[in-house]
Amino acid sequence: MMLLETTKLTRAYGGVVAVSQVDFQVREGLITGLIGPNGAGKTTLFNNMTGLDTPTSGKVYFKGADITNRSAHKICRMGIARTFQNIRLFKELSVLENVMVGLHFKTGKSSTTGRVMAAFLSYLKVVDEYELMNESAIKWLEFFQLESLKDELAKNLPYGHQRELEIARALATDPTILFLDEPAAGMNPSETDSLMKTIRRIRDLGITVVLIEHDMKLVMNICDTITVLNYGQNIAQGTPAEIRHNPKVVEAYLGKEET
Ligand SMILES: Nc1ncnc2c1ncn2[C@@H]1O[C@H](COP(=O)(O)OP(=O)(O)OP(=O)(O)O)[C@@H](O)[C@H]1O
Ligand SMILES: [Mg+2]
């Protein structure tokens with residue numbers, strides 16, 4: 001059984017069919033890449049697997065259970081976490097508090113605005129839960145070597161660190177599966193290199209990783225298996241070597257990259 005899969009998933013926005021009849025499979029313990037040209041439907045597919053969007057037709061299964069119409073919040077509590085193509089941090093909260101938001105989601109209450117979150121965190125200080133969450137959040141910051149920046153406001157972090165912080169917050173929800181939407185976007189080569197190692201370390205924690213990425217060096221290096229979307233359709237899946245030599249993929253996408 002696949003850890004997560006979609007069957008004939010379709011998402012149309014009026015006349016635009018962003019994702020068309022896609023069968024997508026995620027095997028437990030692997031790093032799965034999702035690639036394809038701009039506008040191919042990658043983010044839309046992520047949104048439809050994580051409850052941020054609802055498919056026009058088709059199904060999403062997680063551990064065999066149909067999760068097609070569940071809310072993002074419920075899906076998160078089931079063990080599916082994600083980051084966003086455009087970083088979504090609570091910019092006015094500290095680095096530490098941003099990770100604590102993830103821990104908070106794990107406990108099951110939901111609130112999504114920075115202001116509500118700040119109020120919640122000060123409430124925790126009163127009820128002594130703060131120390132516990134504090135410790136756990138710091139563990140995740142240590143994983144990313146961000147602990148010395150814990151009191152900085154998120155908005156003051158360099159871009160690469162903001163991306164890592166978003167991953168730390170997602171990990172704090174204690175996921176089985178982690179979706180990363182272009183985690184290397186905007187990173188310099190040394191940040192990308194360090195991200196590659198981090199993603200392997202996440203996999204080594206037993207977390208299944210699904211990754212949208214345009215950086216082909218990163219994708220080809222760390223993915224165990226890759227699925228390629230083009231105009232909303234799944235045109236290929238296989239190992240990096242198979243994908244690299246697939247004529248359809250070269251024609252649709254890789255041709256431009258490999259010059
Ligand atoms: N909410 C929406 N309303 C209307 N059209 C949308 C919406 N979201 C996505 N689309 C369209 O669906 C198609 C797929 O977009 P999507 O963002 O999924 O592509 P992508 O593969 O993630 O691209 P990129 O690599 O540029 O991030 C595009 O044509 C896009 O304009
Ligand atoms: Mg996208």
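Let me begin with a definition: a residue counts as buried if 20 or more other C-beta atoms lie within 10 Å of its own, as exposed if 12 or fewer do, and as partly exposed in between, with C-beta atoms placed from the backbone. The structure is a predicted model, in which local features need pLDDT of at least 70 and side-chain atom pairs count only at pLDDT 80 or more, while totals for chains, interfaces and linings use all residues. Residues are numbered from 1 along each chain as its sequence is written, and chains are lettered from A and ligands numbered from 1 in the order in which they are written.

I turn to helix α1. Helices (H or I, at least four residues) and strands (E, at least two) are DSSP runs, numbered from the N terminus. Eight of the eight residues of α1 are buried, so this helix is largely enclosed by the rest of the structure. They are K42, T43, T44, L45, F46, N47, N48 and M49. After α1 comes G51, with a positive phi near 80°.

Which helix gives the most to the shell around ligand 1? It is α1, with three residues. Both α1 (42-49) and β2 (16-26) supply at least two residues of this shell. Among the residues surrounding ligand 1 are Y13, V16, K42, T43, T44 and Q85; a residue is near a molecule if its C-beta atom, placed from the backbone, lies within 6 Å of it.

Finally, V101 lies in helix α3 (residues 95-107). V101 counts as buried because it has 23 C-beta neighbours inside 10 Å. Its C-alpha atom is separated by 8.7 Å from that of T173, 72 residues apart along the chain.
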